[in-house]
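Dear colleague,

Please find below the structure that I am handing over to you.

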Amino acid sequence: MHVRTLTGHLAVAALLSLPVLSGEAAGSPPGAANTPAAARVLTYDASGSAEFRSAVDRGAAIWNESVEGAELRPATAGQRANIRVLADDGWPRALTTSLGNGTVWIGRQAVDEGYDTVRISSHELGHILGLPDRKPGPCSSLMSGSSAGTACTNPYPDAAEKAEVEGNFGEAAGAPSAVAVPAPVLVED
């Protein structure tokens, strides 16, 4: 009796493991193993970004074009946003409360000095997506920030920055708190 039960359990286990061994999850439709995970949607509220609203929207669009693991969308009316974007007279900065959550300030001081508003927006959103400053750095590195100089208007992340964001969100897609920063981090550029 014990041999028959054990043999039955082994047969069931072998059948259930076939999809795993073939690269498909049990219960998945055919071809599902090749389907990428859905992007983690992060909403942003740029209602306080004043004259920088279009730069914020463009910065979000650039990240959406550049990575698949996270998608930035404007928050709908009454929706609590993951990211709040504000304009002020100081220097641009980001306060990250956890991966994908925080506040960005588009500071007029940098704009007055000649820095590009879309690059600033993209750079600060990069902090919310988990990227640190990389100073000094070339213009080709979005996270080089102000160290690339006022002539640099490149708002696009380089391949390493894209890969880092994909790593941050690739496995966390669909899991709102899969990766979190333990304490708020203020990054001033």
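The largest pocket is lined by D45, Q79, R80, A81, N82, I83, R84, T97, N101, G102 and T103. Here a pocket is an open set of points on a 1 Å grid over the protein atoms alone, with protein on both sides within 12 Å along at least five of seven lines, and lining residues have an atom within 4 Å of a point. The space in the largest pocket is about 220 Å³, a volume being the space filled by probe spheres set on the points. Strands β3 (83-88) and β5 (101-107) each supply at least two residues of this lining, and β5 gives the largest share, three residues. Helices (H or I, at least four residues) and strands (E, at least two) are DSSP runs, numbered from the N terminus.

Please note that this is a predicted model, in which local features need pLDDT of at least 70 and side-chain atom pairs count only at pLDDT 80 or more, while totals for chains, interfaces and linings use all residues. Residues are numbered from 1 along each chain as its sequence is written, and side-chain values use heavy atoms, with hydrogens and water left out.

Helix α5 (residues 159-170) has twelve residues and spans 15 Å from its first C-alpha to its last, close to the 16 Å expected (1.5 Å times one less than the number of residues). Its buried residues are E161, V165, N168 and F169; buried means under 20% relative accessible area, exposed over 50%, and partly exposed in between, with a 1.4 Å probe and protein chains only. These four cover an arc of only 80° around the axis, and therefore lie on the same side of α5; the arc is that of the directions from the helix axis to the C-beta atoms. On the other side of α5, A159, A160 and G167 are exposed. The cover over the buried residues of α5 includes β1 (40-48), α2 (53-66) and β2 (70-74).

W63 lies in helix α2 and is buried, with a relative accessible area of 1%. Leaving aside residues up to four places away in sequence, W63 touches L72, S122, L125, G126, L129, L131, L142, P157 and V165, where contact means heavy atoms within 4.5 Å. W63 and L125 are 62 residues apart in sequence, yet 8.3 Å apart in space, C-alpha to C-alpha.

S141, in the loop between α4 (117-128) and α5, is also buried, with a relative accessible area of 7%. Among the residues that S141 touches are D158 and E161.

Yours sincerely

Technical notes. 1 Å grid on protein atoms, 1.4 Å probe; cavity = no way out; pocket = protein on both sides within 12 Å on 5 of 7 lines; lining within 4 Å.
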